[in-house]
Amino acid sequence: ITGGTKGIGYGIAETLLKAGMKVAVSGRHKTDSVAAAHKLGPGDRVLGLGSDVTRPEDEVSAVSAILDKWGQLDVVIANAGVGIFNSVDQLSLEDWQKMVDTNLNGPFYTLKASLDALKHSKGYYITIASLAGTNFFASGSGYNATKFGLVGFTQAVMLDLRGYDIKVSTIMPGSVASHFNG
């Protein structure tokens with residue numbers, strides 16, 4: 001689970017562990033990921049990984065660590081995301097790029113790093129988009145654009161990967177009380 005150290009990602013990790021699955025959570029900072037993994041449960045069922053989804057090589061390393069520990073990867077949840085909300089005339093180039101890199105490039109890098117393992121397991125690739133991926137709002141131009149793009153990306157990936165028996169879906173939460181929105 002990318003972005004699995006807090007918020008929706010952490011909640012998904014808790015739920016999957018309760019269902020008996022082994023779970024790896026990643027975040028930009030390894031210390032946060034290790035702390036989240038320790039809080040989630042026993043070390044034989046939880047792995048904390050430092051991985052910045054905007055860096056393809058980090059995602060390759062994360063998948064390698066999972067395969068080294070458990071030998072298989074069945075479910076990938078591309079959850080990492082960032083939202084910077086400002087009127088387009090006030091939105092900086094850096095903020096725009098940060099959202100594109102995290103919300104759109106990140107899920108692509110995660111998929112590319114895990115694709116061979118998912119082909120082998122005939123697993124699941126799930127993106128966490130947002131209702132902002134179909135419903136625009138003021139001060140959301142960057143966030144809306146990346147989440148609209150993520151929805152389209154995931155739908156096309158579903159068509160591309162169905163021949164490998166990889167199941168692909170997106171989840172589009174509405175507002176959730178988490179660190180993301182204060």
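I count a residue as buried under 20% relative accessible area, as exposed over 50% and as partly exposed in between, using a 1.4 Å probe and protein chains only. I am working on a predicted model, where local features need pLDDT of at least 70, side-chain atom pairs count only at pLDDT 80 or more, and totals for chains, interfaces and linings use all residues. Residues are numbered from 1 along each chain as its sequence is written, and side-chain values use heavy atoms, with hydrogens and water left out.

**Entry 1: Thr-54**

I looked up Thr-54 and got 26% relative accessibility, so Thr-54 counts as partly exposed. Thr-54 sits in the loop between strand 2 (46–50) and helix 3. Here helices (H or I, at least four residues) and strands (E, at least two) are DSSP runs, numbered from the N terminus. I then checked contacts, meaning heavy atoms within 4.5 Å. Not counting residues up to four places away in sequence, Thr-54 touches Asp-101, Thr-102 and Tyr-109. I also noted Gly-106, 52 residues apart from Thr-54 along the chain, with 5.1 Å between the two C-alpha atoms.

**Entry 2: helix 3 with helix 4**

How do helix 3 and helix 4 cross? I found their axes coming within 8 Å and crossing at roughly 35 degrees. Axes are lines fitted to C-alpha atoms, for helices over the stretch in contact, and angles run from 0 to 180 degrees between N-to-C directions. The crossing of helix 3 and helix 4 is right-handed. Helix 3 makes the contact through Pro-56, Glu-59, Val-60, Val-63 and Leu-67, and helix 4 through Tyr-109, Thr-110, Ala-113, Ser-114 and Ala-117. By class I have seven nonpolar, two polar and one charged. Nonpolar covers Ala, Val, Leu, Ile, Met, Phe, Trp, Tyr, Cys and Pro; charged covers Asp, Glu, Lys and Arg; the others, Gly among them, are polar.

Ser-114 got a separate look. Ser-114 of helix 4 is buried, because its relative accessible area is 0%. Beyond its neighbours within four places in sequence, Ser-114 is in contact with Val-63, Leu-73 and Val-76.

**Entry 3: helix 1 with helix 2**

I turned to helix 1 (residues 7–18) and helix 2 (residues 30–40), whose axes come within 11 Å and cross at roughly 35 degrees. This crossing is right-handed. Tyr-10, Ala-13, Glu-14 and Leu-17 of helix 1 meet Ala-36, Lys-39 and Leu-40 of helix 2. The contact residues divide into five nonpolar, no polar and two charged.

**Entry 4: second largest pocket**

I read off a volume of about 420 Å³ for the second largest pocket. Its lining has 23 residues, with Lys-22, Ala-24, Ile-66, Leu-73 and Val-75 nearest the centre. Strand 1 (23–27), helix 3 (56–70), strand 3 (75–78) and helix 4 (93–121) are the elements giving two or more residues to the lining. Which element gives the largest share? Helix 3 does, with five residues. I sorted the lining into 15 nonpolar, five polar and three charged. A pocket is an open set of points on a 1 Å grid over the protein atoms alone, where a 1.4 Å probe fits, with protein on both sides within 12 Å along at least five of seven lines; lining residues have an atom within 4 Å of a point. Points are joined across faces, edges and corners, and the volume is the space filled by probe spheres set on them.

**Entry 5: positive phi**

Lys-122, not a glycine, has a positive phi of about 55 degrees. Lys-122 lies in the loop between helix 4 and strand 4 (124–128). Asp-165 has a positive phi near 60 degrees, and lies in the loop between helix 5 (141–161) and strand 5 (167–171).

Conventions: Left-handed = near helix turned anticlockwise from the far one by under 90°.
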